[in-house]
Structures are given as C-alpha cells and as structure tokens.
Amino acid sequence: MAIKAAFFDIDGTLISLENKVVTESTAQAVCQLHEKGILTFVATGRSRPEIEAQDMLRGMVFDGVLANNGQQCYGEGGELRDIPLSEEDVAALVRHVDAHGYCAWFTERDRLYINRIDERVKKVMSDIHTEIPQVEDIHRALTHPVYKVVVYLTPEEVARGPARVVKESVPMVFHPLSSDFMPQSGGKIAAMKYLLDRFGILPEETIAFGDGPNDAEMLRLAGIGVAMGNGSVEAKEAADYIADTCENDGIRKALEHFGLI
C-alpha cells in the first residue's frame, strides 16, 4: 500500500542529541518526501515555544506539528488540535508541588516556567539538551491553560505522589528522574489518529520514525515503524525496521530503503 504520510520525532530522530544539529541529508530527505506529495508531520514532546525559539525545524517542510506529545497540534492554517490538562488536575498538581516542594515545569501555549531549580533539574535538562525554563510563580497555572507538567521525580516517587492526586491525567516517564503529566486522551498516538482521520489516511499508509519509549506506540500504529539506530530498546522492539543512527543519515537511508525518495 502506498505511503501517504510520514511522522517524525525530533530529539534523537530528526535532530542529534549529541550536537543538536539536523544533518543536511536529513533535511533534504524530508523535503524530497514532501515534494512527492507525502504529508510530513512532526510528533514530539517538545513545546511550541521550544521548537520556535531553537528553530528546530529549519530547512525542512512539515504539514503539521504534534507538540507537547500531541496536546497541541498546529500547521500553516493554525491550530489543528488543542487539548490542555484539566483545570482540576492542574490545581491538584500545583497544590501537591506546594505541599512537597519538588521541582515542576509548567508548559502553556507560549510560555514555559519552573518553580525552582535543583541538581535533579540540572541533570535532566543537561541529559536531554534542553535549556532550563525561567523561574516563576507556578500559581499562574491556575488561571492559564497548561498543556504539560513535568515533575522531577523518579517513577516510584511519581506513583506514590502526584499520580495519586490527578483524575484525568497520566504520567509518562521520559528520564529516570522526570516524567510528563498529560491528559489521558492525549499522547502522540491519539494525535496521530486524529490527523489521519482529518486527512483521510489509513494507519497502514504511514511511516513513522522515532527513538524513545514514548515513540513505541506510534511506531506500532504506522504501516512502517522505523526506530533509529540510537533508539531505546522499547522503540526498537516496536519497530518494523531499524535505521542507522540520527548522526549517520538514518532517515535518508531508511527512506531510500523503502523507495520513498
């Protein structure tokens, strides 16, 4: 069956985690795919402010971006899908942070902020090559839509603490010392299904590229799931094909392997 759409994670897939650079061959491959009439989408845990501030998608053309793990989807025509955390869950998380004092990062549509910075925050942000958000009063989250809350806790600490105070949100581990809270109806796969339905495309008519545990379901849903050579065990187990690494032009080589460019 012909491929009509392609989905790409950013960190470790389009962009090297080592040098924060998109290789020229990767950018060219994505553009060639788009020129052939295949829809191209980004599916990432990154927020829109991060993507735009760091110009992460420079040199490439995409029909849509699934940001914040799919909670905020947008394209040239504007917003495609918008699912913030429930006000009740945000309030519960703010209260829990206040009571227990751990670090938490809140993501709004166009604003990022954290309550305080400790060694865990520095470790996590260094490992994922991300700038630490500015320190602000997190109580502003009580009056502004929030799309993602990052807590700097181990999975065990999350399960014993903040996971017990929310009703409509779920944590997703992305680092041994950090997890994202997102709506139960959210996630990359939910956003992917939404866009496929919107554009009249079947899952088997897609190819998806990823490297992390949070990409595994997306790789399983796609007609062709491609895990990067630098990817996690979870991503590789979910994939139909293991590509070369991000730094070694894995995306271009995989697209050529499947005759898509």
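The legends below describe close-up views of a predicted model. Local features are given where pLDDT is at least 70 and side-chain atom pairs where it is 80 or more, while totals for chains, interfaces and linings use all residues. Residues are numbered from 1 along each chain as its sequence is written, and side-chain values use heavy atoms, with hydrogens and water left out.

View 1. Strands (E, at least two residues) and helices (H or I, at least four) are DSSP runs, numbered from the N terminus. Two strands are taken to pair if DSSP finds at least two bridges between them. Strands of a sheet pair through backbone hydrogen bonds, either parallel or antiparallel. Four bridges join β4 (residues 72-75) to β5 in the antiparallel sense, and Gly-75 has Gly-78 in β5 as its bridge partner.

**View 2. Strand β13 and its parallel partner β12.** β12 (residues 206-210) and β13 run parallel and are joined by four bridges. Ile-207 stands opposite Ile-224 in β13. In a regular strand the side chains alternate between the two faces of the sheet. In β13 (residues 224-227), Ile-224 and Val-226 point one way, and Gly-225 and Ala-227 the other way. All of these residues are buried, where buried means under 20% relative accessible area, exposed over 50% and partly exposed in between (1.4 Å probe, protein chains only).

**View 3. Helix α1 and what covers it.** The 12 residues of α1 (residues 24-35) should span 16 Å at 1.5 Å a residue, and the end C-alpha atoms are 16 Å apart, which agrees. The expected span is 1.5 Å times one less than the number of residues in the helix. Buried residues of α1 are Ser-25, Thr-26, Ala-27, Ala-29, Val-30, Cys-31 and Leu-33. Their cover includes β1, β2 (39-43) and α9 (250-257), counting as contact heavy atoms within 4.5 Å. Gly-37 follows α1 and has a positive phi, near 95°.

**View 4. Helix α3 and what covers it.** Just after α3, Gly-101 takes a positive phi of about 80°.

**View 5. Aromatic pairs.** The whole structure holds six aromatic pairs. A pair of aromatic rings is described by the distance of the centres and the angle of the planes. Rings of Phe, Tyr and Trp (its six-membered ring) pair if their centres lie within 6.5 Å; planes under 30 degrees apart count as stacked, over 60 as edge-to-face and the rest as tilted. Phe-8 and Phe-62 have ring centres 6.3 Å apart and planes at 70°, so this pair is edge-to-face. The pair links distant parts of the chain, 54 residues apart: Phe-8 is in strand β1 (residues 5-8), and Phe-62 is in the loop between α2 (48-53) and β3 (64-67). Both Phe-8 and Phe-62 are buried. Phe-106 and Tyr-113 form a stacked pair, 6.0 Å centre to centre with 5° between the planes. Phe-106 is buried at a relative accessible area of 0%, and Tyr-113 is buried at 0%. Phe-7, Phe-41 and Phe-199 form one aromatic cluster.

**View 6. Charges over aromatic rings.** Arg-48 lies over the face of Tyr-74, 3.7 Å from the ring centre. Lys-148 lies over the face of Trp-105, 5.5 Å from the ring centre. The criterion is NZ of Lys or CZ of Arg within 6 Å of the ring centre and within 35 degrees of the ring normal.

**View 7. The surroundings of His-175.** His-175 is in strand β10 and is buried, with a relative accessible area of 9%. Leaving aside neighbours within four places in sequence, His-175 is in contact with Val-124 and Asp-127. The side chains of His-175 and Asp-127 are joined by a polar contact of 2.9 Å. A polar contact is a pair of N or O atoms within 3.5 Å; within protein, one must be able to donate a hydrogen and the other to accept it, and residues adjacent in sequence count only if both atoms are side-chain atoms.
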